[in-house]
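Please examine the sequence and the structure shown below before reading on. The paragraphs that follow lead from the contacts between chains to the fold within a chain.

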Amino acid sequence: MAGFIKRISKTAGHIPGEMIYVGEKKEGAVSVSLIDYDDKALSEKEISDVEELFPLKETPTVSWININGLRDTRLIEKLGGHFGIHSLTLEDIVNTAQRPKYEDFDSYIFVVLKMLMLDASGKGIVSEQVSLVLGANFVISFQEKKGDVFDAIRERIRQNKGRIRRAGPDYLAYSLLDAVVDNYFSILENTGEQIEEMEEKLLANPSPQTLRKIHDLKRGIIFLRKSVWPLREVAGSLERGESKLIKKSTVIFLRDLYDHTIQVIDTVETLRDMLSGTLDIYLSSVSNRMNEIMKVLTIFAAIFIPLTFLAGIYGMNFEFIPELKWRWGYFYALGLMAAVGFGLLIFFRRKKWL
Amino acid sequence: MAGFIKRISKTAGHIPGEMIYVGEKKEGAVSVSLIDYDDKALSEKEISDVEELFPLKETPTVSWININGLRDTRLIEKLGGHFGIHSLTLEDIVNTAQRPKYEDFDSYIFVVLKMLMLDASGKGIVSEQVSLVLGANFVISFQEKKGDVFDAIRERIRQNKGRIRRAGPDYLAYSLLDAVVDNYFSILENTGEQIEEMEEKLLANPSPQTLRKIHDLKRGIIFLRKSVWPLREVAGSLERGESKLIKKSTVIFLRDLYDHTIQVIDTVETLRDMLSGTLDIYLSSVSNRMNEIMKVLTIFAAIFIPLTFLAGIYGMNFEFIPELKWRWGYFYALGLMAAVGFGLLIFFRRKKWL
Amino acid sequence: MAGFIKRISKTAGHIPGEMIYVGEKKEGAVSVSLIDYDDKALSEKEISDVEELFPLKETPTVSWININGLRDTRLIEKLGGHFGIHSLTLEDIVNTAQRPKYEDFDSYIFVVLKMLMLDASGKGIVSEQVSLVLGANFVISFQEKKGDVFDAIRERIRQNKGRIRRAGPDYLAYSLLDAVVDNYFSILENTGEQIEEMEEKLLANPSPQTLRKIHDLKRGIIFLRKSVWPLREVAGSLERGESKLIKKSTVIFLRDLYDHTIQVIDTVETLRDMLSGTLDIYLSSVSNRMNEIMKVLTIFAAIFIPLTFLAGIYGMNFEFIPELKWRWGYFYALGLMAAVGFGLLIFFRRKKWL
Amino acid sequence: MAGFIKRISKTAGHIPGEMIYVGEKKEGAVSVSLIDYDDKALSEKEISDVEELFPLKETPTVSWININGLRDTRLIEKLGGHFGIHSLTLEDIVNTAQRPKYEDFDSYIFVVLKMLMLDASGKGIVSEQVSLVLGANFVISFQEKKGDVFDAIRERIRQNKGRIRRAGPDYLAYSLLDAVVDNYFSILENTGEQIEEMEEKLLANPSPQTLRKIHDLKRGIIFLRKSVWPLREVAGSLERGESKLIKKSTVIFLRDLYDHTIQVIDTVETLRDMLSGTLDIYLSSVSNRMNEIMKVLTIFAAIFIPLTFLAGIYGMNFEFIPELKWRWGYFYALGLMAAVGFGLLIFFRRKKWL
Amino acid sequence: MAGFIKRISKTAGHIPGEMIYVGEKKEGAVSVSLIDYDDKALSEKEISDVEELFPLKETPTVSWININGLRDTRLIEKLGGHFGIHSLTLEDIVNTAQRPKYEDFDSYIFVVLKMLMLDASGKGIVSEQVSLVLGANFVISFQEKKGDVFDAIRERIRQNKGRIRRAGPDYLAYSLLDAVVDNYFSILENTGEQIEEMEEKLLANPSPQTLRKIHDLKRGIIFLRKSVWPLREVAGSLERGESKLIKKSTVIFLRDLYDHTIQVIDTVETLRDMLSGTLDIYLSSVSNRMNEIMKVLTIFAAIFIPLTFLAGIYGMNFEFIPELKWRWGYFYALGLMAAVGFGLLIFFRRKKWL
């Protein structure tokens with residue numbers, strides 16, 4: 001979290017519209033790829049000079065420009081300049097500490113989302129910013145790193161599956177957003193499984209590690225909520241379809257996207273409800289165990305105390321203690337102790353304290 | 001829950017509109033039944049070939065097509081194709097991990113609900129998705145498994161009870177939805193009884209099993225809320241009656257349906273409030289019992305400690321301890337101990353610690 | 001609660017509009033009384049045959065028909081049929097598990113309220129359903145049992161006090177609703193007093209009975225909220241005065257009614273806030289007392305343990321222990337013990353542990 | 001609180017519009033004072049016969065009639081009758097258990113507020129109802145008791161400070177409301193100081209008295225919120241300035257009043273947040289102290305137990321125990337005990353248990 | 001906090017529009033600086049006599065008047081009088097206990113914000129009020145003390161960087177607000193780091209100091225929320241751009257400002273969520289440690305109690321105890337004790353109590 005806030009505060013004090021790259025400096029090279037298609041033709045290539053892309057602004061085909069890596073702010077600025085993207089949009093693209101948002105600039109629609117992924121350990125969640133610019137006949141997508149979440153869509157375009165080749169750039173944008181949102185479900189599934197697994201342990205064998213795990217999961221859920229709640233607004237804005245860039249026929253799909261985001265939010269809230277109960281269970285489970293121990297030990301002590309007292313009595317040095325002279329006095333004393341001990345045991349049992 | 005999320009995530013990455021069956025593979029055969037009626041005539045049959053149904057789209061009679069089992073996506077696609085159902089709707093029908101929802105596609109209304117049932121143990125709750133498509137002169141209902149919740153309505157149609165035969169498909173759709181919602185009350189009744197039963201045990205004899213039970217009930221309530229809250233929106237959309245498929249005279253019944261769903265939500269919230277207090281009661285009940293035990297045992301120990309000390313004193317080996325030489329010294333010592341013991345007992349009683 | 005839900009679920013599966021009486025079967029006979037008045041004349045009688053009432057629908061006088069007992073659904077159906085009451089309304093009248101609600105059927109307004117009363121013990125709260133049908137020149141009121149809450153209004157009509165005889169049926173309906181809502185305040189007063197009484201006990205002498213009492217009061221408040229919150233909507237709908245059955249001059253009184261319901265809700269919320277703190281107080285009060293006990297006893301033990309140790313030392317059988325030979329060795333030992341004991345006492349006092 | 005609810009329930013069952021005085025019977029005499037002014041002239045007098053006021057309704061000057069004491073309902077009714085005040089308003093004026101509210105009766109505006117004051121002890125809060133009726137050229141204010149909160153305004157009128165003499169009755173009403181709201185801040189300041197003072201004690205020396213104090217403050221805050229929240233609505237209604245009785249130039253001041261009430265609410269919420277944390281702190285502070293004690297005592301016991309055991313060993317009566325014959329056996333035993341004791345002390349220290 | 005409320009209550013009882021300076025009396029001198037610019041020319045100077053500024057109201061250039069220190073209410077009144085600022089606005093400027101707010105007075109827009117800064121210790125947060133008055137061709141900014149938050153903007157104007165010299169006063173006002181809001185992020189970063197640092201300590205080594213720290217951070221967050229939430233309204237009002245003082249081209253930047261405030265609020269809420277969990281962790285961490293200690297010590301005692309009992313048995317003075325006569329009786333007894341002790345140790349280990 002602190003890392004996250006740190007990234008935001010890096011841009012504080014700069015001129016509005018200035019592009020400040022806040023990510024790690026060591027990230028790999030920036031790559032730009034293009035898929036240009038209509039229902040008949042398709043061309044696909046890697047771009048080395050951004051000026052190759054400029055003519056596409058005028059062609060009637062759908063052009064999907066995908067940019068991996070945001071380090072090269074010069075390149076992005078040049079591209080943005082030609083495609084008429086506002087400097088504040090460019091600033092938001094490279095400043096990866098944005099909340100998910102939707103902005104309609106008339107000549108284009110700008111959408112920021114968070115892509116969620118499991119980290120290397122497979123337990124934690126890391127996020128990456130994905131931005132989309134949807135214009136009249138192009139879609140530009142920006143990713144922090146090369147990822148594979150859009151591969152299925154590339155394949156669909158290449159093989160002309162579904163309606164994607166026949167539909168316009170708005171449908172392409174929808175497909176990209178849908179891919180991102182769909183991806184959340186696997187994260188949610190993973191988190192849900194971690195919670196259930198932990199609950200099993202909780203009731204069986206609570207340990208301080210479990211406490212730490214609850215804490216980590218809570219953090220994860222806070223993070224998830226933060227990424228997921230603004231989606232509602234984004235998807236809602238898209239679904240309302242007020243921009244002329246979005247065709248009537250695509251709205252129905254955006255409604256479906258909206259439904260999915262509601263489902264994602266719903267599931268996050270459910271996971272949160274599930275988790276919020278576990279700390280209570282942990283605490284009562286721990287105190288149950290501890291009480292169990294204390295109880296048995298206390299009873300243990302309570303039985304021996306009277307016995308020790310009896311031994312103390314016959315250890316007194318009075319000149320005249322009749323029992324001490326008895327032939328079987330010792331055994332009588334042992335018997336008495338056994339009787340008292342068993343009596344107490346039975347008493348405690350009866351009271352259900354044992 | 002994890003199972004639920006798993007079902008959702010199965011469909012991630014697919015083409016929008018693609019039908020992905022997410023249920024268990026082993027479910028029984030798919031069966032299609034038809035009831036076709038108006039206020040004079042009635043015909044009822046099991047359908048083997050879905051094409052038999054195609055002419056019904058044009059006839060003025062009300063046609064109720066009920067499909068049990070969603071495995072056969074081919075069949076559903078064929079049916080949907082003929083009756084003009086959008087591919088996204090078909091996708092939602094077979095993807096049984098939907099939230100309850102209402103969608104108006106102009107030529108038809110699509111409603112998804114959750115049917116709730118007790119599981120085999122009679123304690124847990126399982127859910128099944130029920131989808132309805134209401135067209136100009138037909139209603140198509142989809143169930144995951146053959147159930148008996150609609151039997152009462154079939155009977156009402158056969159015996160021409162109430163207004164069902166005189167009214168149109170919108171009234172039939174209302175009747176089906178009403179049957180599903182009414183069914184919730186028995187689930188709520190069962191849950192309410194489990195909570196009350198558990199509370200009785202709670203105050204009498206709290207055990208770790210009770211804790212587990214509270215936890216399970218909490219889960220059940222989370223699940224119930226998740227199924228029930230979206231109903232408000234569904235019933236509200238229906239009640240507003242903006243679709244031309246819903247007649248004025250039916251709106252008043254849909255208002256009644258809306259009232260019922262509010263009552264269901266209300267009851268779920270009340271159950272939740274009731275349950276939320278029980279963990280507190282459990283914890284204070286457990287700690288009351290534990291404190292009771294600890295208190296008695298501690299007092300037990302506290303009484304014997306001074307007595308043992310006295311025995312220790314007369315066990316010292318000083319050459320000159322006057323009491324040791326006394327004729328009745330031993331009995332004097334025993335008497336002293338008894339006096340101290342009783343004195344402490346009375347003292348503790350007075351302090352109300354016992 | 002379970003009883004309440006049981007009543008709802010009794011009606012599940014029935015034809016909409018079918019009248020299902022869900023109350024106890026043993027309730028007394030159904031009685032129907034009529035007060036018919038205008039500003040000049042007044043006639044009052046008990047009705048044995050419901051057909052006597054039919055002509056009243058046409059007369060210009062205000063007719064107040066009051067029905068005690070809902071067992072005789074035939075009678076209510078007959079009456080409803082003549083006065084043009086929808087079958088869903090009739091169903092709601094006899095099904096006493098309704099939420100408070102307001103429904104405008106153009107030709108009449110239908111209002112359901114809950115009347116709250118103290119039970120026989122004077123501690124618990126029981127509720128009874130009161131329904132009102134306000135028509136163009138009549139008011140029909142339905143009660144589950146004969147009650148006295150409307151007596152003051154009857155008296156006002158008979159003695160021509162206030163504006164009631166000059167005003168129309170809408171003012172009569174307002175008066176009846178006002179009587180029901182006013183009645184809530186005595187319930188709230190009683191509950192408030194129980195909470196305050198319990199709090200006094202809480203700080204003085206917490207016991208498991210107090211816990212039970214808190215629990216019962218919490219239940220009562222949940223029940224109260226459930227009955228009271230929907231009132232806001234009911235009173236709000238009335239106050240907006242959109243129906244032509246409600247005269248302009250009555251709206252100002254309905255606004256007053258709305259204020260009262262807000263005050264009722266406000267008070268319930270305040271009681272709830274007050275109660276929600278008491279469990280914390282109970283728990284800390286209990287643990288304070290318990291800690292007090294444990295502390296004293298532990299200190300008790302802690303003082304005697306070193307003394308017993310000293311006795312143990314001089315009980316050792318070493319051949320050469322110089323003190324044992326001393327003339328006043330025994331008294332020296334007793335003195336040593338006394339010194340240690342007092343020293344510890346003073347030490348604990350200083351530390352404020354005692 | 002119970003006292004408060006009692007006052008409300010006193011009026012239950014009465015005819016709407018009937019004036020029921022619910023305050024204490026013993027309150028002092030009712031006094032009526034008048035200030036009549038415009039920008040040039042000013043007359044001020046105590047009124048003994050209410051009929052003296054009747055001509056004022058017609059004069060163009062601003063007439064401020066202030067009534068202290070509400071016992072004399074006859075007087076208020078007479079005044080209200082002449083000035084055209086609705087009977088429901090008169091009922092609300094004398095029934096001092098109202099929520100703060102705003103009502104627009106076209107010919108006048110009616111506002112009810114709560115004046116808050118510290119009680120005699122300077123710790124608790126008591127409230128008094130203040131009602132205002134703003135007409136075309138008069139303001140009538142009603143107070144339960146003679147107070148000094150309006151003195152500053154009287155002085156301002158007399159000395160013609162600020163715009164008050166030049167402005168109309170709406171500005172006078174604003175000034176009176178502003179005086180009441182401003183007065184809240186001193187209450188809030190006092191409460192804030194009590195909370196901070198208590199927190200200091202909390203961390204230093206938690207006692208059951210602190211618990212009681214927290215409880216009392218919580219009550220106070222509940223009471224404050226109840227009085228303060230409805231203000232938002234009142235001030236909001238005034239600020240919207242929909243009544244023709246409020247001049248455009250006054251609206252800007254009412255907006256300022258609205259800001260003040262928001263600030264009051266904000267501060268109450270902040271105080272509540274601050275307080276809500278203190279119980280947690282109290283509890284953990286208490287349990288910290290208690291644990292501290294228990295820990296030290298337990299360690300105390302744990303050190304002596306092994307020593308007593310050693311003494312027990314050398315107190316055994318075996319014929320052959322070599323150590324007993326040693327010349328320095330006794331001292332060896334004492335040394336052994338000292339070694340064990342110190343060893344344990346060091347061990348506990350190392351473990352940071354001491 | 002109490003200090004804050006004290007500042008508010010200082011102004012209670014004063015005439016509306018009267019300027020009451022509530023800050024500390026000792027603050028340094030008041031200084032007024034002016035930057036007057038358009039896209040071609042720039043003049044910058046310190047002002048000693050406020051009348052020098054009066055001609056600026058008419059010139060077409062953008063005039064930014066910055067006032068440090070609010071003690072000299074006479075000066076501010078004079079300035080405000082000439083620039084047509086309402087007396088209520090002037091009152092709000094010097095009364096530094098305002099909530100952030102936006103007010104549109106047609107001829108100017110008035111905005112109040114809180115500037116947040118770390119205090120001398122670098123841990124606590126202090127706030128300062130910043131007010132802005134945006135007129136047709138001037139911006140007047142008021143600060144409590146000389147600060148450096150606006151230096152970057154001054155530099156930008158001097159060096160003609162970005163669009164600031166070409167844009168109007170609305171863009172300048174935006175830049176100033178943006179500088180204030182951007183500044184929050186460093187506060188949030190600091191707080192976030194403190195929370196994370198504390199959490200590390202929490203799990204490793206909980207101490208009463210940690211409790212105090214949690215408490216302090218909680219206070220800080222309450223304070224932050226209070227300052228930050230009203231910003232949403234302020235930025236929202238600005239973004240809606242209803243005033244004719246705000247140009248269309250600036251609205252897009254104000255939307256960006258709005259996004260930033262949402263991000264600030266979001267982050268504050270996240271910090272709060274993070275913090276709210278820590279008290280639970282603290283408490284369970286403390287009780288874990290305490291239980292650990294108590295457990296070990298209790299087991300310690302439980303092992304020695306039976307051994308002491310055994311020693312007691314062989315310390316009894318019966319004439320005939322066979323073991324006492326045995327040659328190796330003593331060693332047998334020691335062995336027996338060792339066996340029992342180890343047996344118990346193993347038993348406890350097995351039970352996982354150790």
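Between chain C and chain B, the contact takes 44 residues from chain C and 51 residues from chain B, where two residues are in contact if their C-beta atoms, placed from the backbone, lie within 7 Å. On the side of chain C that touches chain B, the elements giving two or more residues are helix H1 (2–10), helix H6 (208–240), helix H7 (248–313), helix H8 (322–325) and helix H9 (329–350) of chain C. Helices (H or I, at least four residues) and strands (E, at least two) are DSSP runs, numbered from the N terminus. H7(C) gives the most to this side, with 13 residues. By class, the side of chain C that touches chain B has 26 nonpolar, 10 polar and eight charged residues; Ala, Val, Leu, Ile, Met, Phe, Trp, Tyr, Cys and Pro count as nonpolar, Asp, Glu, Lys and Arg as charged, and the others, Gly among them, as polar.

The model is predicted: local features need pLDDT of at least 70 and side-chain atom pairs count only at pLDDT 80 or more, whereas totals for chains, interfaces and linings use all residues. Residues are numbered from 1 along each chain as its sequence is written, and chains are lettered from A and ligands numbered from 1 in the order in which they are written.

Chain D meets chain C through 44 residues of chain D and 51 residues of chain C. Here H7(D) gives the most to the side of chain D that touches chain C, with 13 residues. Only 11% of the interface residues of chain D are also interface residues in chain C, so the copies meet through different surfaces.

Chain A and chain C do not touch, their nearest C-alpha atoms being 9 Å apart. Chain C and chain E likewise do not touch, and their nearest C-alpha atoms are 9 Å apart.

Chain D contains an open sheet of seven strands in the order S2-S1-S3-S7-S6-S5-S4, with mixed pairing; two strands pair if DSSP finds at least two bridges between them. Strand S2 (42–47) and strand S4 (101–104) of chain D stand at the edges, each with a single partner strand, so one side of each is left without a neighbour in the sheet. Strands S5 (residues 109–118) and S6 (residues 125–134) of chain D run antiparallel and are joined by 10 bridges. Leu118(D) stands opposite Ile125(D) in S6(D).

In chain B, the 33 residues of helix H6 (residues 208–240) should span 48 Å at 1.5 Å a residue, and the end C-alpha atoms are 49 Å apart, which agrees; the expected span is 1.5 Å times one less than the number of residues. Just after H6(B), Gly241(B) takes a positive phi of about 55°.
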